[in-house]
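Please keep the sequence and the model in view while reading.

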Amino acid sequence: MKHIPVLLKESITALKIKRTGIYVDGTFGAGGHSLEILKNIGKSGKLYAIDQDLSAVKLGKKIYDPRFFIKHGSFSERIKDIYIKHCNNKINGILLDLGVSSIQLNTANRGFSFMKDGLLDMRMNTSTGIPAWLWLKKSNQKKIEFVLKNFGEEKYAKKISFSIIERNKQKTITRTLDLVDIINKSIPRKYQHKHPATRTFQAIRIYINNEIQELKKILKISIKILANKSRLVIICFHSIENRIVKNFFKKYSQYPFFPKGFPITHKKMQKYKNKKIKIIKKIKPNQIEVKKNPRSRSAILRIAEIL
Ligand SMILES: C[S@@+](CC[C@H](N)C(=O)[O-])C[C@H]1O[C@@H](n2cnc3c(N)ncnc32)[C@H](O)[C@@H]1O
């Protein structure tokens with residue numbers, strides 16, 4: 001199945017693209033959003049794309065366009081080089097379409113899918129870090145429980161983590177479907193509404209790819225490097241990343257709170273001001289998009305403008 005870009009029209013409109021602007025697509029994936037940005041910039045515009053997945057970068061290298069550049073690595077790292085080396089202190093918009101692509105999900109041996117048998121790897125960047133199966137083997141029960149609870153909001157985190165430890169003592173869990181089997185046996189049938197492995201797979205993937213830290217870092221960097229009036233456009237797919245973006249936007253779109261009568265002058269208050277962005281809006285996919293592309297059902301697009 002090919003990757004269908006989520007909220008494509010809405011995210012491109014949200015970027016308010018200038019023909020001469022310099023843009024960053026931090027999550028190239030299958031290039032759906034990048035190709036649309038390229039259609040909207042003029043001859044002197046530029047697009048820098050990033051992906052930490054080597055196969056996505058290989059795909060990007062097939063785009064022969066003098067205005068397009070693709071870099072391998074994490075967006076929080078690569079964006080700094082792009083800004084310093086190539087952008088002359090001017091980036092006009094950043095787009096992030098978080099999570100995994102359909103290509104990654106559908107390639108069984110990448111280990112992202114609980115529907116297909118494959119090696120339990122789950123790394124987006126296979127040139128660094130450790131695969132999920134090895135992390136499960138090396139970790140203690142408490143650590144696994146913590147990850148499942150915090151990154152998957154899994155109610156049965158304790159039970160699943162104990163079962164993982166027990167199974168690993170008998171035989172190393174290396175396959176996705178072995179993990180699915182353990183999860184199935186740990187969650188009572190009556191609580192199995194969604195696929196029971198959804199939360200555990202999400203949690204391990206977030207942990208293995210350091211997704212929360214990556215997101216927090218890029219948010220902080222973005223407001224420093226984006227030009228005035230430029231846009232930060234982020235598509236989130238689960239409640240944890242959605243909450244992080246929402247709270248960040250809220251924090252930097254308000255003045256700090258000083259209680260009534262607090263002894264501070266207006267001039268001094270300006271020094272503490274942390275109002276750096278204006279929240280534009282959030283958009284969810286409509287029913288037609290969700291029907292056409294079920295992967296989009298949990299997506300939320302959040303848009304902010306740099307002041
Ligand atoms: C949902 S897909 C993007 C799809 C893309 N917008 C399209 O329309 O084809 C997310 C992509 O971002 C990459 N990715 C996720 N987190 C990343 C990070 N911190 N740094 C770099 N790439 C990342 C993944 O490897 C994946 O290819």
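Which residues does Ile103 touch, not counting residues up to four places away in sequence?

## Ile103 and its contacts

The model discussed here is predicted. In it, Ile103 touches His3, Ala30 and Leu59, when residues up to four places away in sequence are not counted. Ile103 itself belongs to helix 5, which covers residues 102–106.

With a relative accessibility of 37%, Ile103 counts as partly exposed, because that class lies between the limits of 20% and 50%. Ser55 is 48 residues away from Ile103 in sequence, and the two C-alpha atoms are 9.3 Å apart in space.

## The chain as a whole

The secondary structure of the chain comes to 14 helices and seven strands. Along the principal axes, the C-alpha atoms fill a box of roughly 65 × 60 × 40 Å. A compact globule of 307 residues would have a radius of gyration near 19 Å, and the 21 Å of this chain agrees with that value.

Of the 307 residues, 51% count as buried. The chain exposes about 16,300 Å², of which carbon and sulfur atoms supply 55%. Among contacts between residues at least 6 apart in sequence, 65% join residues at least 24 apart.

## Strand 2 and its neighbours

Strand 2 (residues 46–51) is largely enclosed by the rest of the structure, because five of its six residues are buried. Strand 1, residues 22–25, pairs with strand 2 in the parallel sense over four bridges. Within this pairing, Ala49 in strand 2 is the bridge partner of Asp25. Together with helix 2 (residues 32–40), strand 1 and strand 2 make a right-handed β-α-β unit.

Strand 2 also pairs with strand 3, again in the parallel sense, over five bridges. Here Asp51 stands opposite His72 in strand 3. Between these strands the chain passes through helix 3 (residues 54–60), and this β-α-β crossover is right-handed.

## Aromatic pairs

How many aromatic pairs does a search of the whole structure find? The search finds six. In one of them, Tyr48 and Phe69 are stacked, with 4.8 Å from centre to centre and 20 degrees between the planes. This pair links distant parts of the chain, since Tyr48 lies in strand 2 and Phe69 in strand 3 (residues 68–72), 21 residues apart. Is Tyr48 buried or exposed? Tyr48 is buried, because its relative accessible area is 2% and the limit for that class is under 20%. Phe69, at 28%, is partly exposed.

Another stacked pair is formed by Phe151 and Tyr207, whose centres are 6.5 Å apart and whose planes are 25 degrees apart. Phe151 lies in helix 7 (residues 141–152) and Tyr207 in helix 10 (residues 198–208), so that this pair, too, links distant parts of the chain, 56 residues apart. Phe151 counts as buried at 17% relative accessibility, whereas Tyr207 counts as partly exposed at 27%. Ring pairs link Phe151 and Tyr207 with Trp135 into a cluster.

How values were computed. Residues numbered from 1 in each chain as written. Predicted model: local features only at pLDDT ≥ 70, side-chain atom pairs only at ≥ 80, totals over all residues. Heavy atoms only, no water. Phe/Tyr/Trp six-rings, centres within 6.5 Å; stacked < 30°, edge-to-face > 60°. Helix = DSSP H or I, 4+ residues; strand = E, 2+ residues; numbered from the N terminus. Buried < 20%, exposed > 50% of the residue type's maximum accessible area, 1.4 Å probe, protein only. Pairing = 2+ DSSP bridges. Right-handed = clockwise from strand over helix to strand, strands pointing away. Rg over C-alpha atoms; globule rule 2.2 N^0.38 Å. Contact = heavy atoms within 4.5 Å. Areas by Shrake-Rupley, 256 points an atom, 1.4 Å probe, with all protein chains shown as cover.
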